[in-house]
Structures are given as C-alpha cells and as structure tokens.
Amino acid sequence: MSLRIPTTLLVTAALLFSAGCSILPESDPATLYRLPASDLPATAISSNSTSQRLGIADPEAGHLLSSNRIVVYPERNVVNVYQGARWHEDAPDLVKARLIAGLQQSQLFAGVGSDRLPHDLLLLSELRHFQSDYVTTPPTVKMQLDVQLVGPQNRTPLAAMNFTTSAQASSVEIADVVDAFGRASDELTEQLAAWLAQQPDVIGNIGR
C-alpha cells in the first residue's frame, strides 16, 4: 500500500498512525527507489587538484538509517517509515555512491573510490539525518553528514566538518519526496567538495 498524505498536517498524522506507515514487517512487496541521477554541475577545480587518491569509507549510521527503509518524521518526536516503499540498497550505501560520483566529477583528486581500493587519504563519516520531515507540508528532506579526513595508515585526524542540507518535496507523493532526497544529497556533495578544496595544505602534506 502506498502512503497517501493529505495536505493538512493533522490529517497526515492520523493517516500515518492508522494505515500509512509502519515499522512492522510488510506483507506486500515494497516498491524500490533509487536516488535520482545527480544534477551536479560539471565543476573542475584544476587549480586545487592533487595527485592524492581519496578513499571513502561506508558511512556509519544508527539502526534505522542503516537499513533500506525510507525514514519519515510525521510529527514532533515521532519517527516512522514509509509503508510499501524502500531504497534499493541501504541508505549509507546510497550516500557513499553519491559522494564518490560527485567528488570524481569535481576532479579534486587523482582518484576517488571505495576505501577497498588503494588510497592516500580516507574520508570517514557518520550519517546523522536522512529523513523526510513534516515540519512543512509537503515534507522537507533533511540530511546531516559528519565527516573526518584521516591518514590511511594510523587514521590520524587531519580535518573534520559537519554538513547539513535540506530540500522540500514538490508534493507528498513518495516519488517527489525521493527527488527531494536527491537534491539534498547533491547539495551536501557540493558542500563537501568545496570544503575539501579549502584543505590543500592538509591534503598536500600526506605522503611527504
């Protein structure tokens, strides 16, 4: 059953509790969603490019965000998930793939990939928020990623930053909410690339 949320927050909450969302096992197959294709501009920061290779580790996340559930905050302190809809893979894997693609496009590093590949620098992160929030109607997607740039050998901290983005969905339909997740992810990736471009001294000292 797809979640159908009316335009008023009061009715929204009522439907969410009666039939719209559930954290219980679903009897019907769920519709799987992926993040929409990245809309990042083709930005090459050649003046700050480095010969270093960046590895990106799987983001850490809490129990619910570590799953492929699409998390929603229907009202105040209530945490729930969309019924009948899931990500096609766990949320941290979605975010990692978006970061890799975006940072490859930025051309800041000689190479960007999973931490399973050879790398000179390592990006650790924790996914703190990745949910739609009915603080507005239609809901607003909120995303927070805390990152730390470390050395690959002993993981000595080199730099750290917290990134927070948001994007309001064009409607309450799940497909439009998923589009908002994509926009929030793109904005966060742009912020991360801009921050990394401001770390030439930190990055340049690795391997010396």
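A residue is called buried when its relative accessible area is under 20%, exposed when it is over 50%, and partly exposed in between (1.4 Å probe, protein chains only). By that rule K96 is buried, at 6%. The model is predicted, so local features need pLDDT of at least 70 and side-chain atom pairs count only at pLDDT 80 or more, while totals for chains, interfaces and linings use all residues. Residues are numbered from 1 along each chain as its sequence is written, and side-chain values use heavy atoms, with hydrogens and water left out.

**Salt bridges in general**

- Side chains of opposite charge can pair when their charged atoms come close.
- A salt bridge here is a side-chain nitrogen of Lys or Arg within 4 Å of a carboxyl oxygen of Asp or Glu.
- Searching the whole structure gives 7 salt bridges.

**K96 and D58**

- The side chains of K96 and D58 form a salt bridge, with 2.7 Å from N to O.
- K96 belongs to helix 2 (residues 91-106) and D58 to the loop between strand 2 and strand 3 (60-61), so the pair ties together parts that are 38 residues apart in sequence.
- Helices (H or I, at least four residues) and strands (E, at least two) are DSSP runs, numbered from the N terminus.
- D58 is partly exposed, at 33% relative accessibility, whereas K96 is buried.

**D120 and R53**

- Another salt bridge joins the side chains of D120 and R53, at 3.2 Å from N to O.
- This pair links distant parts of the chain, 67 residues apart: D120 is in the loop between strand 6 (111-114) and strand 7 (121-133), and R53 is in strand 2 (residues 53-56).
- R53 has 34% relative accessibility and counts as partly exposed.

**K142 and D133**

- K142 and D133 also meet through their side chains in a salt bridge, at 3.6 Å from N to O.
- K142 is partly exposed, at 30% relative accessibility, while D133 is buried, at 13%.
- Elsewhere, salt bridges with shared partners join D58, K96, D115 and R116 into one network.

- L196 sits in helix 3 (residues 174-197).
- Its relative accessibility is 2%, so L196 counts as buried.
- Contact means heavy atoms within 4.5 Å.
- Apart from neighbours within four places in sequence, L196 is in contact with L54, L103, L108, F109, L149 and I203.
- L196 and L149 are 47 residues apart in sequence, and their C-alpha atoms are 9.0 Å apart in space.
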